[in-house]
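My notes follow in the order in which I checked things.

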Amino acid sequence: MNKFISALQSVFAAFFGVQSEDKRQADFKEHSLRTIIVIALVLFSLFVAAIYFTVSLVLNT
């Protein structure tokens, strides 16, 4: 579970562009690429869904 939280933090940092190069390299040594890609895809999908539902809510009122 601790590795998952660490991978999640790394993906969030990458999304916001605040991750250092040293941390990025350490993350790829510690976590598998598959785990990082899956977390990134899930978070991106949730982000797109949140924007879609927010826009639909605003346009329907």
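The entries below go from confidence to helices, then to the core and a few single residues.

**Entry 1: confidence.** I noted before anything else that this is a predicted model. The protein chain has a mean pLDDT of 90, and 100% of its residues reach 70 or more. I looked up where confidence is lowest and found α2, at a mean of 85, while the highest is α3, at 95.

**Entry 2: helix α1.** I checked the length of α1, residues 2-16, against what a helix should give. With 15 residues at 1.5 Å a residue, α1 should span 21 Å, and its end C-alpha atoms are 21 Å apart, so the two agree. I then asked which residues of α1 are buried. They are S6, A7, S10, V11 and A13. These residues sit on the same side of α1, because they cover an arc of only 160° around the axis. The general rule is that an α-helix has 3.6 residues a turn, so residues three or four places apart point the same way. On the face turned away from the buried side of α1, I found the exposed residues Q9 and F16. The partners of the buried residues of α1 are α2 (21-30) and α3 (33-60), against which they pack.

**Entry 3: helix α3.** I repeated the length check on α3. This helix has 28 residues and reaches 40 Å from its first C-alpha to its last, close to the 40 Å expected at 1.5 Å a residue. Its buried residues include I36, I39 and L43. I looked up what the buried residues of α3 pack against, and found α1 and α2.

**Entry 4: the core.** Which residues make up the largest nonpolar core? I listed five residues in all: A7, V11, I36, I39 and L43. The elements giving two or more residues to this core are α1 and α3. The most comes from α3, with three residues. In general, nonpolar side chains in soluble globular proteins tend to be buried together. Leaving aside neighbours within four places in sequence, V11 is in contact with I36, I39, A40 and L43.

Entry 5: Is S6 buried or exposed? S6 has a relative accessible area of 15%, under the 20% cut-off, and therefore counts as buried. S6 is in helix α1, and beyond residues up to four places away in sequence it touches K23, E30 and H31. I also took the C-alpha to C-alpha distance from S6 to H31: 8.7 Å in space, at 25 residues apart in sequence. F4 is in helix α1 too, but F4 is partly exposed, with a relative accessible area of 41%. F4 and T35 are 31 residues apart in sequence, and their C-alpha atoms are 8.3 Å apart in space.

**Entry 6: Q19.** I went to the loop between α1 and α2, where Q19 lies. Its relative accessibility is 22%, so Q19 counts as partly exposed. Setting aside neighbours within four places in sequence, I found Q19 in contact with S10, A13, A14, R24 and D27.

**Entry 7: aromatic rings.** I looked for aromatic pairs and the count came to one. The pair is Y52 and F53, with ring centres 5.4 Å apart and planes at 70°, so I logged it as edge-to-face. Both Y52 and F53 are exposed.

Technical notes:
Residues are numbered from 1 along each chain as its sequence is written. This is a predicted model: local features need pLDDT of at least 70, side-chain atom pairs count only at pLDDT 80 or more; totals for chains, interfaces and linings use all residues. Side-chain values use heavy atoms; hydrogens and water are left out. Helices (H or I, at least four residues) and strands (E, at least two) are DSSP runs, numbered from the N terminus. The expected span of a helix is 1.5 Å times one less than its number of residues. Buried means under 20% relative accessible area, exposed over 50%, partly exposed in between (1.4 Å probe, protein chains only). The arc is that of the directions from the helix axis to the C-beta atoms. Contact means heavy atoms within 4.5 Å. Rings of Phe, Tyr and Trp (its six-membered ring) pair if their centres lie within 6.5 Å; planes under 30 degrees apart count as stacked, over 60 as edge-to-face and the rest as tilted. A nonpolar core is a set of buried Ala, Val, Leu, Ile, Met, Phe, Trp, Tyr and Cys residues joined through side-chain atoms within 4.5 Å. pLDDT is the predictor's confidence in each residue, from 0 to 100.
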